[in-house]
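Please keep the sequence and the model in view while reading.

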Amino acid sequence: MGMGIIKIANAKQKLKRSITPKKNGLLGATDSPKKGHFAVYVGETNRRYVIPISTLDHPLFRELLHWAEEEFGFDNSEGGLKIPCSEDYFEGLISIIHST
């Protein structure tokens, strides 16, 4: 059980380095993700996360996108990829993806 706690702590550190939330979930005209990353907007407040493009290849992330599309569709009229799950769920999923 102690090893699980250590793995979770390590995953949280990796998560903090690999996901960069933007204050207030707003994206300014000059705020673009660095090369090899893209922005997603999560939850009711549309909190902005910048994640590596390699995340798109992971089956768990693809499943999340597929679920979001089936449940809510993708209306990209306002720009940006919006994922309608809680921030806690998203952060946990990204933590799992980056720990594998």
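This is a predicted model: local features need pLDDT of at least 70, side-chain atom pairs count only at pLDDT 80 or more; totals for chains, interfaces and linings use all residues.

Two strands are said to pair if DSSP finds at least two bridges between them.

**Overall layout**
- The chain contains 3 helices and 3 strands, and, read from the N terminus on, its elements follow the order α-β-β-α-β-α.
- Among contacts between residues at least 6 apart in sequence, 54% join residues that are at least 24 apart.

**The paired strands**
- Strand S1, which covers residues 37-42, pairs with S2 in the antiparallel sense over 6 bridges.
- The hairpin of S1 and S2 has 4 residues between the strands, and in this hairpin Gly43 takes a positive phi near 80 degrees.
- Strand S2, made of residues 47-52, is mostly covered, since 5 of its 6 residues are buried.

**The helix pair**
- Helix H2 (residues 59-72) packs with helix H3 (residues 87-99) at an angle of about 150 degrees, and their axes lie 9 Å apart.
- Because angles over 145 degrees count as roughly antiparallel, H2 is roughly antiparallel to H3.
- On the H2 side the contact is made by Leu60, Phe61 and Leu64, while H3 contributes Tyr89, Phe90, Leu93, Ile94, Ile96 and Ile97.
- The residues of this contact divide into 9 nonpolar, no polar and no charged.

**Burial and surface**
- Of the 100 residues in the chain, 29% are buried.
- The chain exposes about 7,000 Å², of which carbon and sulfur atoms supply 56%.

Methods. Residues are numbered from 1 along each chain as its sequence is written. Side-chain values use heavy atoms; hydrogens and water are left out. Axes are lines fitted to C-alpha atoms, for helices over the stretch in contact, and angles run from 0 to 180 degrees between N-to-C directions. Helices (H or I, at least four residues) and strands (E, at least two) are DSSP runs, numbered from the N terminus. Angles under 35 degrees count as roughly parallel, over 145 as roughly antiparallel, 65 to 115 as roughly perpendicular and the rest as oblique. Contact means heavy atoms within 4.5 Å. Ala, Val, Leu, Ile, Met, Phe, Trp, Tyr, Cys and Pro count as nonpolar, Asp, Glu, Lys and Arg as charged, and the others, Gly among them, as polar. Buried means under 20% relative accessible area, exposed over 50%, partly exposed in between (1.4 Å probe, protein chains only). Accessible areas come from the Shrake-Rupley method with a 1.4 Å probe; for residues, only the protein chains shown count as cover.
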